[in-house]
Structure formats: C-alpha cells, structure tokens
Amino acid sequence: MAGSYVDCHCHMTAEEFAQDTAEILERSRKAGVRALVSVTERVGELERLLRLSERYPNYVMPCFGVHPIQSKAEGYRSVTLQDLEPALEKFEKYKDHLVGIGEIGLDFTPWLTPTAKEREEQLKVFQIQLDIAKKLDLPVNVHSRSAGRQTIAFLKEQGAQKVLLHNFAGRPSVALEGAQAGYFFSFPPAVANNDQREKLIRQIPLENICLETDSPALGPDRQERNIPANIFIPCEYIARVKGLSSEKVCEATAHNAFRLFPKICHRLNSESIDRPSLG
C-alpha cells in the first residue's frame, strides 16, 4: 500500500458531485488515491453514501455523523438534538458498513453559534456521537472551527482515543496537546495557498499527520470545485514545510490513515486481485 494516497476526509455525497461521481472517482484513482473516507454532515446523506460504497466497496469508505452546523432554507444554524435523533438508530444498524463516525465536532463561529445555549447543545450532540463511536470501537472524524482548544480539551475529557482533527487551524501548542494524546491531524489543498499554518504543520510530528481534500470545498482555487485528485497538493506542501520528499509524506500519511482507520486496511486486504475498474 506504500506510495498511495488516502483521502481521510471528503464529501462524495455533496450535490457538487451528483452529476459526475464516477468520473471524479476514476480521476482520483488515476491520481494515485488508494481510498477515500467520505463523511456525512446530515442524516439524509447516509443512504446515498452507502449506495456509493456498495458500488465502490474497496474505494469509498463510509463515515457517518451529524455536523455541528446544519443547513436551512435561509442559510445555516447550529445543530440541535432533534437533528441527531433520526441518526441514532442508524449508527447501530449500519455499524458494520462504517469505517468511522463523522463529520462531528464543534463550530463556535460567532455568527453561526452566537449563544451559550447553542454551544451547550453542540457539545451534547458531540458527546453523544463520541459515546457511540466508543461503543462501536470506531474512530471519529472531527470538525473544530473556531473551537480548536475546546474541541481537543473535550475529546480528552471524554476519553476519545481514535481521533482525526480535519483541517485543524488552532494554535500549535493546542495541536501538540492533541498529538500527545495520540490524535491525528489532516490538511486540505487550501493550506498551500498561504503560509498561515506553516508553523502548525512544522511542529506536528509526521506520525500524527494525514491527508485530506475536504472535496468539494477547500481546494487550490476557491472559485472551483475541489476534487480528491488534488490530494497531492497538501502532500507536497507538507513535504516542503518539513523538508522531506513527497514520497515520504505520501507513504507516512497513508500508514497513519491505516492505523487510524483499520477497517480501510481490512477492506483493501480483502480486495480481489482482479479488481474491476471504476465506472
């Protein structure tokens, strides 16, 4: 499996991919992506994700969770326990299909979560899903916008052990607390657009770093749809920051992904030698 990328956080059930999913997956395969961990943000995405995973069983790895920010007709709002309720039975029902729980976490962006009551409810939704992940022995794929310190402190308080903090943008000192707890951090192509996170990436040990694209968001160009084939961009950026070869970063981050998501390894190892091509 060395020399192949693992995209640890993308959204293959996003509307932006609805018309050309097969083509996008074929492009990512040709670009060297070995496996994709596709997350959900809301309950309604699960059925489509499971169908996609059935079609590409050794490629699209399902991760199911309820995001801390939910969309509504006029914009976005903080998650509620009512948003989580319909997901609860599905975690148990589809546990054997999932490689992780996510995208879950905290988002304390002031205009999205302006009140203490909303932040408290986010914490409750997060806690319930962390408990489910612990019960099912699955890793968590975590969002932490404007809440890096609070997220890592809460994860440690809850005894979470198998953690990916996706697109982490907190202070290096906070990230190092997470790394010391054994948590992993992944970065999308957008990190290469400026050097705001250079110090952060330099300080996080390579053995705690994974790759992601967060497709269709956070690509190299904000005006264009991001795709998993862009996974080489954060790989090359991390390599430059750390003074390593891209091959070394690719190999190490894939190894880290397999450690964090052991079900990916199981699925790839069970893959037949004569794998049918995507399409």
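The axes of H9 and H10 come within 8 Å of each other and cross at roughly 115°. That angle makes H9 roughly perpendicular to H10 (65 to 115 degrees; under 35 degrees counts as roughly parallel, over 145 as roughly antiparallel, and the rest as oblique). This is a predicted model, in which local features need pLDDT of at least 70 and side-chain atom pairs count only at pLDDT 80 or more, while totals for chains, interfaces and linings use all residues. Residues are numbered from 1 along each chain as its sequence is written, and side-chain values use heavy atoms, with hydrogens and water left out.

**Helix H10 and its cover**

- Helix H10 covers residues 246-260, and its 15 residues reach 21 Å from the first C-alpha to the last.
- That span is close to the 21 Å expected at 1.5 Å a residue (1.5 Å times one less than the number of residues).
- Helices (H or I, at least four residues) and strands (E, at least two) are DSSP runs, numbered from the N terminus.
- Buried residues of H10 include Val249, Cys250, Ala252, Thr253, Ala254, Asn256, Ala257, Phe258 and Leu260 (buried is under 20% relative accessible area, exposed over 50%, partly exposed in between, with a 1.4 Å probe and protein chains only).
- Among the elements covering these buried residues are strands S1 (5-10), S8 (163-166), S9 (184-187) and S10 (209-211), along with helices H9 (232-242) and H11 (262-269).

**H9 against H10**

- H9 passes H10 in a right-handed crossing (the near helix is turned clockwise from the far one by less than a right angle; anticlockwise is left-handed).
- The contact (heavy atoms within 4.5 Å) is made by Cys235, Glu236, Ile238 and Ala239 of H9 and by Ser246, Val249 and Cys250 of H10.
- By class, the contact of H9 with H10 has five nonpolar, one polar and one charged residues.
- Nonpolar here covers Ala, Val, Leu, Ile, Met, Phe, Trp, Tyr, Cys and Pro, charged covers Asp, Glu, Lys and Arg, and the others, Gly among them, are polar.

**H10 against H11**

- The axes of H10 and H11 come within 4 Å and cross at roughly 100°.
- The two helices are therefore roughly perpendicular to each other.
- From H10, Phe258, Arg259 and Leu260 meet Pro262, Ile264, Cys265 and Leu268 of H11.
- This contact of H10 with H11 has six nonpolar, no polar and one charged residues.

**H6 against H7**

- Helix H6 (residues 148-157) and helix H7 (residues 172-180) pack at an angle of about 20°, with their axes 10 Å apart.
- H6 is thus roughly parallel to H7.
- The crossing of H6 past H7 is left-handed.
- Gly148, Arg149, Ile152 and Lys156 of H6 make the contact with Val174, Ala175, Glu177 and Gly178 of H7.
- By class, the contact of H6 with H7 has three nonpolar, two polar and three charged residues.

**Backbone features**

- Most residues other than glycine have a negative phi, and most peptide bonds are trans.
- Gly102 and Glu103 are joined by a cis peptide bond with omega about 20°, and Glu103 lies in strand S6 (residues 100-107).
- A cis peptide bond also runs from Ser215 to Pro216, with omega near 10°; Pro216 is in the loop between S10 and H9.
- Asp137, in the loop between helix H5 (116-136) and strand S7 (140-145), has a positive phi near 55°.
- Asp137 counts as exposed because its relative accessibility is 52%.
- Ser146, in the loop between S7 and H6, has a positive phi of about 55° although it is not a glycine.
- Ser146 is partly exposed, with a relative accessible area of 47%.

Key: Axes are lines fitted to C-alpha atoms, for helices over the stretch in contact, and angles run from 0 to 180 degrees between N-to-C directions.
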